[in-house]
Amino acid sequence: MEAPLKNRKALSLRVPEPDTRPGDSPDFSAMQIPPAGAVPRPDPNVPDHEMRDLAYALIRVLDEDGNAKGPWNPHLDAETLRRALRKMMLTRAFDDRMYRAQRQGKTSFYMKCTGEEAIATAQAFALDRDDMCFPSYRQQGLLIARDYPIEKMMCQIYSNECDPLKGRQMPILYSSRADSFFSISGNLGTQFPQAVGWAMASAYKGDDRIAASWIGDGTTAEGDFHQALTFASVYRAPVILNVVNNQWAISSFQGIAGGEESTFAARAIGYGLPGLRVDGNDFLAVYAATQWAAARARNNNGATLIEHYTYRVEGHSTSDDPARYRPSNEATAWPLGDPITRLKTHLIALGEWDEPRHTAQTAEVVEEVRAANAKAESHGTLGSGKTPDICTMFEDVYEQMPWHLAEQRQKLGH
Amino acid sequence: MPAMNMIQALNSAMDVMLTRDPNVLILGEDVGYFGGVFRATEGLQKKHGLTRCFDTPIGEGGIVAVAIGMGAYGLRPVVEIQFADYIYPAFDQLVSEAARLRYRSAGDFTVPMTVRTPYGGGIFGGQTHSQSPEAIFTHVSGLKTVVPSTPYDAKGLLISAIEDNDPVIFLEPKRLYNGPFDGHHDRPTLAWAKHPASEVPEGYYTVPLGKAEVVRTGEDLTLLVYGTMVHVGLAAAKQAQCDAEVIDLRSLVPLDIETITASVRKTGRCIIAHEATRTSGFGAELAALVQEKCFYHLEAPIERVTGWDTPYPHAFEWDYFPGPHRLAKAMHRVMESR
């Protein structure tokens with residue numbers, strides 16, 4: 001039987017697709033990139049509704065020739081910039097070494113932050129040391145910028161006898177209260193509203209520390225993202241909520257998270273929060289935006305959402321092969337360049353850096369990583385047998401071990 | 001000593017802790033000015049201030065998440081989830097975060113959070129205001145699960161929970177808020193004032209987590225119960241003329257296994273009763289433990305008297321609820337078994 005005729009149009013389901021796939025030429029021609037220095041910088045204390053345009057703009061400071069331009073230039077001294085450059089280079093060298101360690105079978109898993117080094121580094125520099133960070137898994141730069149020993153990070157990655165987390169966590173899910181670095185969860189987005197709660201606690205106690213948290217573009221689809229923004233807005237929590245839009249959530253392009261319909265920064269507007277959209281490969285822009293948001297938070301004016309527009313140069317993790325879903329040369333076509341090169345060019349333009357020093361420093365950080373790794377490996381790698389004491393496996397489930405865990409430990413033979 | 005109902009006792013516990021510890025604060029839906037839909041936080045905002053007992057957006061995941069952040073900071077948040085049936089949006093934060101944080105950070109970060117939530121049936125709440133989800137939480141290592149059955153215990157256990165450095169799921173049997181309901185729904189409502197456990201000290205005291213209470217000593221069989229079923233169990237023993245040893249577990253994790261095993265070894269028989277659904281309920285865990293530890297003392301199969309494995313049906317409240325008649329029948333069966 002035929003269906004009765006209806007004078008209504010057939011609906012069609014839309015599933016977003018990226019512009020290019022493997023085999024295509026990378027194409028970022030649709031990207032709107034304003035010149036450096038073009039975006040105005042409001043006072044950090046003005047009401048959010050007076051700066052909604054910023055959520056659709058792209059705050060950039062460094063131009064193509066390495067000059068710092070416009071009102072967002074944080075005017076950092078050369079020494080600070082050189083320290084930051086070194087931290088970014090160290091982070092990259094660390095990533096390269098740990099990626100190789102995973103390929104050599106010394107650990108189960110690794111995640112690089114290649115191309116995104118400016119974000120964690122600049123934010124660690126812009127925040128105070130005791131501001132609490134609730135990171136995602138690609139902010140190793142925070143720990144490195146805060147001078148956390150890279151050897152200790154490696155011991156965690158190797159789950160060896162010196163692993164500060166006693167072999168309990170997958171590689172890279174670091175934790176260090178002493179460095180105001182919250183325990184990383186493997187579940188996406190959970191830390192976002194937790195950071196809001198920490199910030200609320202700081203405000204409740206009349207403290208002066210603020211919190212910051214990071215998620216990726218894909219995780220903005222989690223309920224935690226929206227609850228974080230709701231609670232942050234309602235209680236005017238002193239927190240900086242960062243979305244690192246690196247274009248890819250494993251194999252899903254940012255359009256699958258709704259990035260084609262609006263910017264991620266613009267999510268803030270509905271919550272009455274300021275949303276800043278920043279060139280995430282521009283150290284100075286990230287620093288300036290963070291400093292702005294921190295000033296706003298410290299002044300009891302509440303939270304800011306910052307979208308860091310960047311590109312994930314490598315795979316999601318060692319378990320991923322991006323050549324299967326995006327053009328393999330897409331990273332080289334990324335129009336916002338490489339964050340390390342851009343800061344280096346800036347320092348050279350200032351007359352505060354040169355190629356020979358850069359080459360020497362590249363070798364220096366590789367050597368620093370090599371030496372730390374040799375020490376870390378001497379304490380064992382995954383599967384080498386040098387593990388934390390197995391008796392500790394039953395500890396810290398509770399503050400005091402209940403009888404059933406003691407009984408199970410005995411059954412295991414310890 | 002004043003006679004308190006369970007709501008007043010819970011309110012008193014929070015009042016005492018807000019007074020004693022500036023790091024204690026209360027958050028949840030409608031808990032502030034209004035004092036909570038069951039009135040458990042009545043007057044606390046007025047007495048202690050806006051920032052110490054305040055309303056939250058309707059987002060249980062967010063409520064628990066911010067409490068975890070507060071706990072990581074060093075506060076002792078007390079969260080109210082309006083009904084246990086509404087706790088599931090917070091499940092990820094409870095299971096993957098609160099329960100795991102101490103372990104995954106090797107003790108670096110902890111969550112000294114208490115999640116209070118009314119649970120259980122008997123108020124015609126249908127399937128979304130009657131559930132008993134305790135086994136979902138007892139299954140999660142890192143969480144403690146506590147269920148009071150009297151005003152005195154409610155206050156003492158809640159203070160212990162708030163002072164505990166681990167996350168505690170504090171399940172309040174809402175049918176017991178205003179009286180020691182024994183399952184005889186067709187009889188006049190009992191008031192707490194006539195019950196000895198309604199005598200509640202006004203000040204600070206604790207009832208330790210992990211300690212059961214033998215509420216009736218007996219020789220015939222051991223009845224393991226908690227929450228509303230404590231009172232149902234006592235009524236059933238009377239009805240069945242059974243000299244049951246009734247044990248109020250009070251805390252499911254950590255569990256007072258010694259009190260349980262000592263009793264079953266004495267009586268040789270064991271019944272477990274809970275309102276929650278049967279399959280994979282906490283009774284299954286209790287039965288397995290009793291079997292493992294008391295097998296050679298058992299004279300009869302262990303019986304479970306529980307809610308049926310269906311959602312809680314509004315029209316059939318008393319057919320669903322494991323009342324004294326069903327429990328009395330089970331007592332007869334267990335006693336007949338030779």
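This is a predicted model: local features need pLDDT of at least 70, side-chain atom pairs count only at pLDDT 80 or more; totals for chains, interfaces and linings use all residues.
The model scores ipTM 0.97 and pTM 0.97. For chain B the mean pLDDT is 97, and 100% of its residues reach 70 or more. Chain B contains 12 helices and 12 strands. Its radius of gyration is 19 Å, close to the 20 Å given by the globule rule for 338 residues, so chain B is as compact as a globular protein of that length. The C-alpha trace of chain B spans about 60 × 45 × 40 Å along its principal axes. Of the 338 residues in chain B, 61% are buried. When contacts in chain B between residues at least 6 apart in sequence are considered, 78% join residues at least 24 apart.

Chain B is divided into domain 1 (6–198) and domain 2 (213–336). The C-alpha centres of these two domains of chain B lie 25 Å apart. Domain 1 of chain B contributes 31 residues to the contact, and domain 2 of chain B contributes 31 residues. On the side of domain 1 that touches domain 2 of chain B, the elements giving two or more residues are helix H6 (134–138), strand E5 (144–146), helix H7 (151–163) and strand E6 (168–173) of chain B. By class, this side of domain 1 of chain B has 12 nonpolar, 14 polar and 5 charged residues.

Between the chains, 35 residues of chain A are in contact with 34 residues of chain B. Helix H5 (191–204) and helix H6 (223–234) of chain A are the elements that give two or more residues to the side of chain A that touches chain B. H5(A) gives the most to this side, with 10 residues. The side of chain A that touches chain B has 16 nonpolar, 13 polar and 6 charged residues.

Within chain A, helix H7 (residues 283–298) has 16 residues, which at 1.5 Å a residue should span 22 Å; the end C-alpha atoms of this helix are 22 Å apart, in agreement. Of the 16 residues of H7(A), 13 are buried, and the helix is thus mostly covered. A:Asn300, which follows H7(A), has a positive phi near 65 degrees.

A:Pro339 is located in helix H9 (residues 339–349) of chain A. With 27 other C-beta atoms within 10 Å, A:Pro339 is buried. A:Pro339 and A:Ala118 are 221 residues apart along the chain, yet their C-alpha atoms are separated by 5.7 Å. Apart from neighbours within four places in sequence, A:Pro339 is in contact with A:Met88, A:Gly115, A:Glu117, A:Ala118, A:Asn281 and A:Phe283.

Several backbone features were also noted. Most residues other than glycine have a negative phi, and most peptide bonds are trans. A:Ile250, although not a glycine, has a positive phi of about 45 degrees. A:Ile250 lies in the loop between strand E4 (248–249) and strand E5 (252–253) of chain A, and counts as partly exposed, with 14 C-beta neighbours inside 10 Å. B:Arg250, also not a glycine, has a positive phi of about 65 degrees. B:Arg250 is in the loop between strand E9 (244–248) and E10 of chain B, and is buried, with 26 other C-beta atoms within 10 Å. The peptide bond from B:Val253 to B:Pro254 is cis, with omega near 0 degrees. B:Pro254 belongs to the loop between strand E10 (251–253) and helix H9 (257–267) of chain B.

Terms used:
Residues are numbered from 1 along each chain as its sequence is written. Chains are lettered from A and ligands numbered from 1 in the order in which they are written. Helices (H or I, at least four residues) and strands (E, at least two) are DSSP runs, numbered from the N terminus. The radius of gyration is taken over C-alpha atoms; the globule rule is 2.2 Å times the number of residues to the power 0.38. A residue is buried if 20 or more other C-beta atoms lie within 10 Å of its own, exposed if 12 or fewer, and partly exposed in between; C-beta atoms are placed from the backbone. Two residues are in contact if their C-beta atoms, placed from the backbone, lie within 7 Å. The expected span of a helix is 1.5 Å times one less than its number of residues. Ala, Val, Leu, Ile, Met, Phe, Trp, Tyr, Cys and Pro count as nonpolar, Asp, Glu, Lys and Arg as charged, and the others, Gly among them, as polar. Domain bounds come from an automatic or database domain assignment. pLDDT is the predictor's confidence in each residue, from 0 to 100.
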